[in-house]
Amino acid sequence: MKAIVYTKYGPPDVLQLKEVEKPTPKDNEVLVKVHAASVNYSDWAFVRGEPFMVRLIGSGLLKPKNTILGADIAGRVEVVGRNAKQFQPGDEVYGDISGCGWGGFAEYVSVPENALALKPASMAFEEAAAVPEAAVVALQGLRDKGQIQPGQKVLIIGASGGNGTFAVQIAKSFGAEVTGVCSTRNLDMVRSIGADHVIDYTQEDFTQNEQCYDLILTTAGYRSIFDYKRALSPKGIYVSAGGSMAQTFQAMLLGPWISMTGSKKMGAMLARPNQKDLVFIKELLEAGKVVPVIDRRYTLSEVAEAIRYYGEGHARGKVVITVEHNSE
Ligand SMILES: NC(=O)c1ccc[n+]([C@@H]2O[C@H](COP(=O)([O-])OP(=O)(O)OC[C@H]3O[C@@H](n4cnc5c(N)ncnc54)[C@H](OP(=O)(O)O)[C@@H]3O)[C@@H](O)[C@H]2O)c1
């Protein structure tokens with residue numbers, strides 16, 4: 001089968017289209033014929049081995065441990081392992097396989113069945129592949145860490161990005177009043193996906209406009225934790241889900257101390273991919289409450305270009321990879 005392989009860290013050019021052996025599913029696994037994948041921050045970080053921390057938390061210290069990247073997939077189950085009971089050959093599935101060895105930038109991948117859920121039947125593979133990681137980050141940030149409630153004022157920073165476009169829509173689905181922070185060119189798009197208010201970060205400083213928020217989620221956070229603290233309502237919660245390393249470390253190190261010494265809660269989150277949340281999100285997709293925003297589409301042979309584009313940091317929604325099969 002064809003796959004995008006890398007054996008050393010570096011710029012996206014180290015990714016090469018190669019012919020490799022088609023995987024065989026273990027007993028608890030299913031073999032998925034991948035029809036689409038999408039690009040996430042982890043692809044951008046793991047290909048370069050930067051920030052260095054990613055080597056310590058799993059990408060491999062000196063060279064890549066998993067030689068095929070790609071966390072988000074959508075495809076069709078082709079073979080079912082002996083003990084895999086949830087899916088049949090032909091089922092259309094989607095999932096985030098970063099917790100079980102990656103490998104989505106390929107024609108086929110073998111994964112434990114628990115990493116997958118049925119994709120919404122009416123959804124194209126490209127749309128479904130845009131969903132798993134970004135939507136789960138948004139869901140767990142808002143619902144689990146952020147304890148979102150109907151009627152709350154929620155501020156999403158980075159509202160136009162992969163995670164942010166899901167966060168705006170998921171926060172709306174929980175009945176929140178949502179403000180999205182983005183740049184001028186994305187204001188209309190962020191409004192169109194449901195934001196009640198938008199703040200153009202190139203024109204306005206959200207910490208200076210006297211507004212307070214019950215929940216702040218950063219997916220592109222570049223400010224000091226004290227700026228976010230100022231913008232929180234007295235019992236507000238701030239969840240750092242993405243942005244600069246400085247912001248993340250402040251949330252990890254100072255967040256617990258601020259939370260213990262006052263009424264505001266502040267901290268960082270680490271999303272955990274799981275089947276239950278994929279099913280939860282499938283229902284939001286089927287109800288039309290969440291619609292993936294796709295910026296660009298690339299083919300499998302163009303994965304390096306797709307990751308390079310993502311790494312520029314200005315994607316509007318998700319960057320998707322279409323995996324074509326010779327026989328189709
Ligand atoms: N916590 C977790 O478990 C977890 C899991 C996965 C990823 N992450 C984190 O998520 C982040 C990546 O998220 P993503 O894939 O959604 O990123 P992304 O798609 O690359 O985000 C790009 C968007 O961010 C916007 N942006 C850039 N600077 C901004 C600013 N100062 N204020 C508001 N918006 C700004 C850009 O808009 P413009 O073009 O207008 O600038 C663009 O639309 C990374 O930091 C990663 O570490 C966290």
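This is a predicted model: local features need pLDDT of at least 70, side-chain atom pairs count only at pLDDT 80 or more; totals for chains, interfaces and linings use all residues.
Numbering starts from 1 along each chain as its sequence is written, and side-chain values use heavy atoms, with hydrogens and water left out.

Let's start with the ligand. It is surrounded by 26 residues, and the closest are Ser183, Tyr201, Ala271, Tyr310 and His314; a residue is near the ligand if one of its heavy atoms lies within 4 Å of it. The shell divides into 12 nonpolar, 12 polar and 2 charged residues.

A polar backbone atom of methionine 269 sits 2.8 Å from a ligand nitrogen, while a backbone N or O atom of alanine 241 is 3.2 Å from a nitrogen atom of the ligand. On the oxygen side, a polar backbone atom of alanine 315 lies 2.7 Å from a ligand oxygen. On its own the ligand has 950 Å² of accessible area, and the protein covers 86% of that (Shrake-Rupley method, 1.4 Å probe; for residues, only the protein chains shown count as cover). The elements giving two or more residues to the shell are α4 (132–145) and α5 (162–173); helices (H or I, at least four residues) and strands (E, at least two) are DSSP runs, numbered from the N terminus.

Threonine 165 is buried, with a relative accessible area of 0%; buried means under 20%, exposed over 50%, and partly exposed in between, with a 1.4 Å probe and protein chains only. Leaving aside neighbours within four places in sequence, threonine 165 is in contact (heavy atoms within 4.5 Å) with Ala159, Ser160, Met189, Ile193, Val293 and Gly317.

Now for the cores. A nonpolar core is a set of buried Ala, Val, Leu, Ile, Met, Phe, Trp, Tyr and Cys residues joined through side-chain atoms within 4.5 Å. The largest one has 47 residues, and Leu15, Phe105 and Ile321 have the most contacts inside it. Elements that give it two or more residues include β1 (2–5), β3 (29–38), α1 (41–48), α11 (303–311) and β15 (318–322). Beyond its neighbours within four places in sequence, leucine 15 touches Ile4, Val5, Tyr6, Val47, Leu69, Val303, Ala304 and Ile307. There's also a second, separate core of 45 residues, with Ala138, Ile148, Ala171 and Val293 among them.

Helix α11 has Val303, Ala304, Ala306, Ile307 and Tyr309 buried. Its buried residues pack against β1, α1, β14 (294–299) and β15. After α11 comes glycine 313, with a positive phi near 85 degrees.

The peptide bond from glutamate 50 to proline 51 is cis, with omega near -5 degrees, and proline 51 is in the loop between α1 and α2 (53–59). Tryptophan 102 isn't a glycine, yet has a positive phi of about 65 degrees; tryptophan 102 is in the loop between β5 (92–96) and β6 and is buried at 8% relative accessibility. Glutamate 210 also has a positive phi, near 70 degrees, but glutamate 210 is exposed, at 77% relative accessibility, in the loop between β10 (197–200) and β11 (213–218).

Definitions and conventions: A polar contact is a pair of N or O atoms within 3.5 Å; within protein, one must be able to donate a hydrogen and the other to accept it, and residues adjacent in sequence count only if both atoms are side-chain atoms. Ala, Val, Leu, Ile, Met, Phe, Trp, Tyr, Cys and Pro count as nonpolar, Asp, Glu, Lys and Arg as charged, and the others, Gly among them, as polar.
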